[in-house]
Each structure stands twice: as structure tokens, then as C-alpha cells.
Amino acid sequence: MEILNLLLQGFSISILPSNLAACTIGVLIGTLVGILPGIDTISTIALLLPFSYGMDSTAALIMFSGIYYGSKYGGSTTSILLNVPGEAAAVVTCLDGYPMAQKGRGGAALTVAALGSFVAGTIGVIGLTLFAPPLAQAALAFGPPEYFSLALVGLIILTKLAGTSMLKSTLMATIGVMLGTIGLDSMSGISRFTFGIDELNRGFDLSILAMGIFGIGEILTVLTESKDQSTIPSLRFRDLYPSREECRRSILPIFRGGMVGFLVGLLPGPAATISSFVSYALEKRCSKNPDQFGHGAIEGVAGPESANNSAISATMIPLLTLGLPFCGGTAILLSGFMIHGITPGPTLITQQPDLFWGLIASMYIGNILLLIINLPLISIFVQLLKTPLHILMPLVAVLTLTGAYSINNSVLDLFWIVFFGVIGFFLRQTNFEPAPLLIGIIVGPELERGLIQGLIISNGSIWGLFTRPLSGTILTLGVIFILYNITRSFRKFAHLGKEMNS
Amino acid sequence: MTEKIITVLFLLGSIIYLYLTQDLTFGTLNSPKSGFLPVLAALLAIIVTLVLIFKQRQPKKITDQPHVDWTKFIFIIIGLVFYITLFNIIGYFVATFIFLFYFLKIADTTGWLLPALLAATSATIFVLIFKYYLTIPLP
């Protein structure tokens with residue numbers, strides 16, 4: 001009951017004109033980001049961070065969150081119509097969405113994807129509403145060893161789930177942790193790796209780094225890789241109606257996707273992408289006609305599209321209640337919080353209830369807005385796909401650089417952005433996933449604080465970290481996860497050896 | 001090849017980072033100091049890069065990689081560096097106009113009039129938004 005009252009209070013904040021406008025702008029930009037291939041969520045939020053300085057902090061965070069979950073709605077459009085996923089989480093939608101479009105059912109697939117996203121997105125936000133407050137309450141009892149265990153095991157799981165190679169992701173996360181140590185050590189006050197440069201005492205500016213690696217890096221990738229722009233089909237409003245049979249077949253996958261997405265979203269890593277694949281596999285298993293999958297099965301669109309939207313809400317739980325982001329999107333959202341002087345974590349609900357509940361309530365409103373944007377207005381957004389990338393990218397480059405300049409009015413920052421952009425470009429070229437790097441930089445200081453204080457509390461005994469019930473459980477799970485993966489790798493290696501011998 | 005070079009650069013970076021941790025105190029398990037985590041992280045990074053280098057020596061399946069236009073890449077970087085350098089010297093509007101025109105031409109926008117018009121219009125809109133609406137002190 002108390003939660004309901006607080007949520008109602010949140011609604012009263014989120015419907016304030018400035019917050020409602022921020023929510024609308026956020027979900028509109030999010031939809032655009034999702035629809036336009038070559039522009040991603042992280043770089044867009046990073047690009048807009050400096051422009052939010054003048055905004056009220058609640059409105060700014062509502063806008064950034066809107067971009068974050070709104071992008072997952074738009075991602076399905078290009079997957080279905082062009083077989084080009086606008087977002088990594090929409091890759092799996094291509095498998096059945098595009099064949100549906102080829103059969104003339106693209107409009108129906110878009111409608112089911114939008115409705116599924118709305119229902120599952122709302123399931124996710126309900127989960128966030130119900131689970132975040134008790135988790136935040138429990139997290140108040142967390143000590144340094146618990147934070148260390150969570151950060152460490154989170155990073156370990158992330159390295160397995162992000163990117164194509166666990167080793168590469170491990171290296172990226174480790175380098176992120178190393179970069180996170182640059183600047184003043186918060187415990188001893190000693191400057192580390194600053195080479196006497198005063199600006200480095202504050203550590204790396206996350207928005208500059210994200211704008212470089214994700215923004216300029218993406219622009220360089222898009223403009224230097226030769227890809228043909230596909231022909232955009234036209235879409236009429238009447239094409240959007242799904243048949244009664246398609247509606248009937250979509251209901252259960254939508255709800256299953258919502259549940260699966262929420263559970264996967266609680267795990268570290270690119271939850272939206274993983275949940276869509278898990279949901280696809282689940283739907284194929286549950287289907288009476290699994291052979292239809294890959295040839296235009298509506299369940300193959302409904303399930304994954306629902307799952308990725310629900311997962312997005314769940315990824316907000318560790319960020320809001322523990323202050324720990326475990327995917328690229330929440331990592332950059334954390335930067336947004338920090339820019340506005342807000343520290344997410346267990347005390348956020350008690351110290352800033354208006355912001356916390358206003359943000360959650362805005363997500364309910366945002367989901368409704370997204371449904372409106374993605375159904376009647378979808379044909380307008382489809383037209384935007386006709387914007388040539390060779391015109392769009394130079395404009396995005398100027399926006400990124402101007403935004404970066406406005407942070408500190410420093411030309412040096414712009415050189416840093418180009419430098420990080422080149423790094424981001426080469427990381428993409430060599431399949432080094434850049435998201436763990438960003439997360440490592442953010443989680444690194446928390447990991448270090450937890451480790452050092454934890455070791456002091458346990459008198460230097462690493463075993464002491466295992467004897468505390470919660471940190472012990474989390475670390476044991478981490479050890480089991482590592483052992484399981486090592487055993488699997490050995491089995492795979494042995495199997496390969498046998499195959500080569502035979 | 002690029003992958004191998006990047007991995008070697010990561011290895012070199014990690015070794016340099018480990019070398020720099022000499023200036024910091026490692027401490028003990030009872031009382032870890034500011035060099036504790038950096039040393040552990042650098043060692044882990046070195047081990048992982050060495051394993052990666054070892055793995056990269058094994059023959060790999062050739063996969064279809066998108067073709068990268070390196071000439072375009074170099075020209076974009078040159079353009080970005082010039083833009084940033086000119087930014088403070090000739091002012092935001094002129095620098096943005098020149099940069100956008102150059103960038104649009106590099107990005108294969110056909111003709112001269114369309115890129116020139118696009119660059120002029122966009123630069124004007126950017127000035128109006130950033131300088132006058134958002135009151136960002138642009139040069």
C-alpha cells in the first residue's frame with residue numbers, strides 16, 4: 001500500500017509539464033536511436049549529457065531513461081522491414097520479422113512488436129516498482145565486502161555475456177578498472193598515474209570517454225565501412241492490423257517474454273540482447289510448430305521483442321538500489337546521475353524519493369507514449385530511414401564535439417574525444433567489446449574500496465570475505481560460474497581434439 | 001593483423017602501468033594501500049593479453065570482415081583534428097561550416113551545391129541553438 005502511495009506521488013511529479021516534456025523528448029529520441037542503424041543508445045545519452053546541465057535533475061534523468069528504454073522499441077522497425085537490426089537486442093527479431101515483411105505481414109509484425117514491448121515493458125516497470133524498494137532496504141545492510149563481491153562477480157558474469165570472446169571482454173573490463181584508478185585515490189588521497197596533470201586528478205571524464213569510444217568511434221565505423229543502404233518499403237496504417245490468429249498466437253509469448261526478460265535483466269551484461277535470444281529459444285521450444293521459426297513465425301517476433309523491453313526495466317534495479325551499473329546503458333545513465341550530483345544507491349529512495357518515484361512513474365507514462373509513437377506514427381519514422389547516413393553522420397559528429405566542448409569549454413577535451421574515437425574504432429574492428437571498458441571504469445573504484453575495506457575488516461584474510469553470509473554466497477556463485485566455464489572450455493577442447501583425430 | 005597489433009599494444013600498456021605502480025605502496029593483506037588493486041589489475045591484464053596473443057597464433061577460420069576504406073578514415077581524422085584546431089582561431093561558425101562541407105564531401109555526398117547549402121544551414125542552426133538558445137560560450 002505504501003508503495004502505491006509513493007508511486008502515486010511519483011505520478012504527480014512525472015506529470016509536471018517539464019517532466020512530461022522531458023519524457024516525451026526522451027522516448028522520441030530513443031525511438032529515433034532505435035530506428036536509425038549506426039546511432040546507438042550509449043553515444044546518444046553521452047552526447048546529450050552536457051546539454052542537460054541547465055535542466056532540472058529529475059527532468060534530465062527522466063529524459064535519459066526515456067532514451068534508454070525507448071531505443072528498444074524502435075530497434076525492431078529496421079529488423080522487420082529491412083533485415084537490419086537498429087539495436088543489438090533486435091538482431092533476433094530479424095529471423096522471423098523480416099520473413100513476415102517479405103510475406104506482406106511486416107505491418108502486423110510491427111504492431112505485435114510494439115504491443116509486446118508495451119505489455120512487457122510495463123511488466124518490467126511493475127517488477128522494478130515492487131522489487132527496488134525492498135532491495136534498497138536490504139542493501140542498507142551491505143558492507144564493503146558485499147559491495148566488493150557484487151562488483152567482482154558482476155564483472156565476471158559480464159565478461160562472459162558481453163561480446164564474442166570472454167578473454168577479450170575480461171581484458172576490456174580489467175583495463176577499465178585500471179583506467180578507473182587514474183586520479184586521486186579516494187582512501188589515501190594520493191594522486192595515481194596523473195603525471196602531474198591536475199585535470200587528471202578528477203579521473204577520466206566519463207562523458208568524454210563515452211562520446212569518443214561510442215560516438216566518434218561509431219561515426220568512423222559507419223562512414224568507413226562500405227554498406228549499401230537498403231530500399232525502404234512504404235507502410236500504410238491499414239497494414240498494421242494483425243489478424244485474429246496472429247493476436248492469439250502472440251499473447252502467451254508476450255507474457256512469457258516479459259517474465260524471462262525481467263529475470264535475465266537482473267543479471268549483469270547486455271541483458272536486452274541475451275533476453276531476446278533466451279526468449280526466442282523458449283518460444284521455439286514451446287511452439288507446436290517449431291519448424292515455422294525462421295520463416296515468419298509471429299511468436300519469434302512477439303517473445304524476443306517483449307523480453308528485451310522487460311529486461312531494460314530490470315537493469316535499472318541494480319543501478320537505482322545498489323548504484324552498480326552492469327551494462328553499457330546503465331553505466332552511461334549513472335554518468336547522468338553523477339553529472340547532476342545524485343548518487344544512486346540504497347539511500348536514493350529515502351533521500352530523494354521525488355526523483356526515484358518520479359523516474360519510475362515516468363517509465364509507465366513513457367511506455368504509453370512509446371506505444372502511441374510506435375503504432376500510428378510508425379510510417380513517419382519509417383520515412384526517416386531514408387535519411388542518408390553520409391549526411392546524418394557529419395551532423396552527429398559536430399553535435400558530439402560541440403556537446404563535449406560545452407562540458408568544460410576545453411579544446412583539449414575535443415582532442416581526447418578524437419583519441420578515444422580512434423580507440424573505439426579499432427576496438428570494434430578487432431571485436432573488442434567496448435562496453436565492459438566503460439563499466440570497469442565505473443565499477444572499479446567501488447571494487448577497490450570494497451576490497452581494501454573488506455580486507456581490513458577481515459584482518460587480511462581473503463577467507464574472511466567468504467565467511468560473511470551474503471558476500472560468501474555471492475563469491476561462491478562467482479567461483480561456481482568460473483569453474484563451470486573452465487570445465488565447459490576443457491570439454492569443448494577435448495571434443496575438438498577427438499574430432500581432429502577421427 | 002590489426003587484432004594482433006592491438007593486443008600487443010594492450011600488453012605494452014599493461015606493462016608500463018605495472019611499472020608505474022612502483023611509485024605506489026602495495027601494503028599488505030592486513031593493510032592494503034593505494035598500489036594494491038593497480039598491481040593486481042595490471043598482472044591480470046598482462047596474463048590475459050599473453051593468453052590472447054597465444055590464442056591468436058593458432059590458425060583461425062577466415063570470416064567475412066566488412067571492407068574498411070582507410071583513405072576515408074585518415075581524411076576524417078585529419079578533418080576532425082583541423083576542425084578542433086581551427087575552432088578557437090576562426091570561430092565556431094566558420095570552422096563548423098568548413099568542417100561540415102569537407103566532411104560531407106568525404107562522406108560521398110554528390111555535387112557541390114548541396115553540401116555547401118547543407119553545411120551553411122546546419123552551421124547556422126547549430127550557432128542559433130548552442131550559442132543563443134543554450135548560451136554555450138562558443139569561440
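The model is predicted, with an ipTM of 0.90 and a pTM of 0.79. In the interface, 59 residues of chain A are in contact with 63 residues of chain B. About 5,300 Å² of area is buried between chain A and chain B.

**Interface area**

- The size of an interface is often given as the accessible area lost when the parts come together.
- Carbon and sulfur atoms give 82% of the area buried between chain A and chain B.
- Three residues, Leu167(A), Met178(A) and Phe193(A), supply 11% of the area that chain A buries against chain B.

**Salt bridges and polar contacts across the interface**

- There is one salt bridge between chain A and chain B.
- Lys168(A) and Glu3(B) form a salt bridge, with their closest N and O atoms 2.7 Å apart.
- Eight residue pairs are in polar contact across the interface of chain A and chain B, counting pairs in which both residues have a pLDDT of 80 or more.

**The side of chain A that touches chain B**

- Six elements of chain A each supply at least two residues of this side: α8 (166–180), β2 (191–192), α9 (206–224), α17 (389–408), α18 (411–429) and α19 (435–457).
- Helix α17(A) gives the largest share, 11 residues.
- By class, this side of chain A has 37 nonpolar, 17 polar and five charged residues.

**A salt bridge inside chain A**

- Over all chains, the structure holds 10 salt bridges.
- One salt bridge joins the side chains of Glu246(A) and Arg105(A), at 2.7 Å from N to O.
- This pair links distant parts of the chain, as Glu246(A) and Arg105(A) are 141 residues apart. Glu246(A) lies in helix α10 (residues 244–265) of chain A, whereas Arg105(A) lies in the loop between α5 (93–102) and α6 (106–139) of chain A.

**Domains of chain B**

- Chain B is divided into domain 1 (2–57) and domain 2 (71–133).
- The centres of domain 1 of chain B and domain 2 of chain B, taken over C-alpha atoms, are 41 Å apart.

**Confidence in the model**

- Chain A has a mean pLDDT of 84, and 95% of its residues reach 70 or more.
- Among the elements of chain A, α8(A) has the highest mean pLDDT (91), and helix α16 (residues 378–384) of chain A has the lowest (73).
- Chain B has a mean pLDDT of 88, and 96% of its residues score at least 70.
- Among the elements of chain B, helix α2 (residues 36–57) of chain B has the highest mean pLDDT (93), and helix α5 (residues 113–133) of chain B has the lowest (88).
- Where pLDDT is low, the predicted coordinates should not be read in detail.

Methods. Residues numbered from 1 in each chain as written. Chains lettered and ligands numbered in written order. Heavy atoms only, no water. Contact = heavy atoms within 4.5 Å. Buried area = accessible area lost by both parts, 1.4 Å probe. Salt bridge = Lys/Arg side-chain N within 4 Å of Asp/Glu carboxyl O. Polar contact = N/O pair within 3.5 Å; in protein donor to acceptor, adjacent residues only side chain to side chain. Helix = DSSP H or I, 4+ residues; strand = E, 2+ residues; numbered from the N terminus. Nonpolar A, V, L, I, M, F, W, Y, C, P; charged D, E, K, R; others polar. pLDDT = per-residue confidence, 0-100. Domains from an automatic or database assignment.
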